[in-house]
Amino acid sequence: MAIRNNPFKPFIKKIPAPLRNFYFLTLVLFFGWLIFFDKHDVLTQWRLQQSINKQETDRLYYQEQIKKVEEDRLDIEINKEKFAREHYYMKKDDEDVFIIVEEKED
């Protein structure tokens, strides 16, 4: 029986030893799968984090708006007559209402 030489043996010998290790290749493939192809890959995690950050900023914005509206509500409850006069131009029978509109400069 004749022993056949592997034609790829010189190329395989040129590859560094750690890259020829079965366990190293398995780990590289495993982490490659986790990083690029898995359901929870890096890109998905980054998008989810961006979504969380946006929702946090939205939450802070809406909390500020709620505080402003609550202050307005309390102001309206205290000064109902003043609010009606300013926003709905209501007046008493013996009064006249003058509306002054400011023109915007271009």
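**Notebook: salt bridges, patches and ring pairs**

I began with Arg73, which forms a salt bridge with Glu70; the closest N and O atoms are 2.4 Å apart. I note at the outset that the model is predicted. Arg73 and Glu70 are three residues apart in helix 4, so about one helical turn separates them. I then looked up the accessibility of each partner. Arg73 has a relative accessibility of 38% and therefore counts as partly exposed. Glu70, at 35% relative accessibility, is likewise assigned as partly exposed.

**Entry: other salt bridges**

How many salt bridges does the structure hold? I recorded five salt bridges. One of them joins the side chains of Lys54 and Asp58, at 3.0 Å from N to O. Both Lys54 and Asp58 lie in helix 4, four residues apart, which I noted as about one turn of the helix. Asp58 is partly exposed because its relative accessibility is 29%.

I next took up Glu56 and Arg59, whose side chains meet in a salt bridge of 3.0 Å, N to O. These two residues are in helix 4 as well, three residues apart, or about one turn of the helix. For Glu56 I found a relative accessible area of 38%, so the residue is partly exposed. For Arg59 the relative accessibility is 40%, and this residue is partly exposed too.

**Entry: negative patch**

Which residues form the negative surface patch? I listed Glu71, Asp72, Asp75 and Glu86. Helix 4, residues 42-78, gives the most to this patch, with three residues. I checked Asp72 in particular, and its place is in helix 4. Its relative accessibility is 47%, so Asp72 counts as partly exposed; the cut-off for exposed is over 50%.

**Entry: nonpolar patch**

I then turned to the nonpolar patch on the surface. Leu27, Phe30, Phe31, Trp33, Leu34, Ile35, Phe36, Phe37 and Val42 form this patch, with about 950 Å² of accessible area together. Which helix supplies the largest share of the nonpolar patch? Helix 3 does, with eight residues. I confirmed that Phe31 has its place in helix 3. Phe31 is partly exposed, because its relative accessible area is 45%.

**Entry: aromatic pairs**

I searched the whole structure for aromatic pairs and found four. Among them is the pair of Phe30 and Phe31, with ring centres 5.5 Å apart and planes at 65°, so the pair is edge-to-face. Phe30, also a member of the nonpolar patch, has a relative accessibility of 45% and so counts as partly exposed.

Tyr61 and Tyr62 form an edge-to-face aromatic pair, with 5.1 Å centre to centre and 70° between the planes. Is Tyr61 buried or partly exposed? I found a relative accessible area of 43% for Tyr61, so this residue is partly exposed.

Last, I looked up Phe22, whose place is in helix 3, residues 22-37. At 60% relative accessibility Phe22 counts as exposed, because that term applies over 50%. Along the chain, Phe22 and Arg73 are 51 residues apart, and their C-alpha atoms are separated by 70 Å.

Note on methods:
Residues are numbered from 1 along each chain as its sequence is written. This is a predicted model: local features need pLDDT of at least 70, side-chain atom pairs count only at pLDDT 80 or more; totals for chains, interfaces and linings use all residues. Side-chain values use heavy atoms; hydrogens and water are left out. Patches are made of residues with over 30% relative accessible area and no salt bridge: like charges are joined within 9 Å, nonpolar side chains (Val, Leu, Ile, Met, Phe, Trp, Tyr) within 5 Å. Accessible areas come from the Shrake-Rupley method with a 1.4 Å probe; for residues, only the protein chains shown count as cover. A salt bridge is a side-chain nitrogen of Lys or Arg within 4 Å of a carboxyl oxygen of Asp or Glu. Lys and Arg count as positive and Asp and Glu as negative; His and the chain ends are not counted. The place of a charge is taken as NZ of Lys, CZ of Arg, CG of Asp or CD of Glu. Buried means under 20% relative accessible area, exposed over 50%, partly exposed in between (1.4 Å probe, protein chains only). Rings of Phe, Tyr and Trp (its six-membered ring) pair if their centres lie within 6.5 Å; planes under 30 degrees apart count as stacked, over 60 as edge-to-face and the rest as tilted.
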